[in-house]
Structure formats: C-alpha cells, structure tokens
Amino acid sequence: SAFIAGILSTFASQPGDMLLSAVNKKGGKDRKSTFTALKEILNSEGVPGLFRGLNARILHTGAIVTLQLSIYDAVKQACGIAATGAA
C-alpha cells in the first residue's frame, strides 16, 4: 500500500514539479512566472506536457519506498520487533 500511495502522490504532484522546473530553468531577471510557464507548456505540448518525466519519477519513488521499507523492517528486527506484516 505504501508503494501505491507513493505512485498516487507522484502522479498528483507531477504537474506542479513540471511547472517548478520550467520556472526555475532560467534564473535572475529571465525567470518566467508560473502562469507564463504553464501557458508555454500547454501551448507546445498540451496537458500531457505537464506529465513529462512521470515514468522516471514513478520508478524513482518505487525504488525509494522499497528501500525505506526494507531498512525499516531490518532495523525493527535488529531491535527484536517483528517485521511489518509478520504474524
């Protein structure tokens, strides 16, 4: 369930992260506003442009969640506590 939650949160946050990347692409005076970046993405790529890079983020999230839960269970067992899901 943690993996699914990670995927859902990644999907929900992807448009915001895409906009943040577009806004921060140039610094200083050349920095775009969020609205300008949104208009440019939608005009050039449409709504799918807001989800560019989603597959890589899902794989990244899946790897992190799996690693975190593995470490969590290993530490619990080292402390003499039953692993998550153990009967």
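Biologist: Among contacts in the protein chain between residues at least 6 apart in sequence, what share joins residues at least 24 apart?

Modeller: A contact here means heavy atoms within 4.5 Å, and of the contacts in the protein chain between residues at least 6 apart in sequence, 50% join residues at least 24 apart. This is a predicted model, in which local features need pLDDT of at least 70 and side-chain atom pairs count only at pLDDT 80 or more, while totals for chains, interfaces and linings use all residues. Residues are numbered from 1 along each chain as its sequence is written, and side-chain values use heavy atoms, with hydrogens and water left out.

Biologist: How many helices and strands does the protein chain have?

Modeller: Helices (H or I, at least four residues) and strands (E, at least two) are DSSP runs, numbered from the N terminus; the protein chain has three helices and zero strands, in the pattern α-α-α. Its radius of gyration, taken over C-alpha atoms, is 19 Å, well over the 12 Å from the globule rule for 87 residues, so the chain is more spread out than a compact globule; that rule is 2.2 Å times the number of residues to the power 0.38.

Biologist: What does helix 2 reach from its first C-alpha to its last?

Modeller: The expected span is 1.5 Å times one less than the number of residues, and helix 2, with twelve residues (34-45), reaches 16 Å, close to the 16 Å expected. Just after helix 2, Gly46 takes a positive phi of about 75°.

Biologist: What percentage of the 87 residues count as buried?

Modeller: Buried means under 20% relative accessible area, with a 1.4 Å probe and protein chains only, and 22% of the 87 residues count as buried.

Definitions and conventions
Buried < 20%, exposed > 50% of the residue type's maximum accessible area, 1.4 Å probe, protein only.
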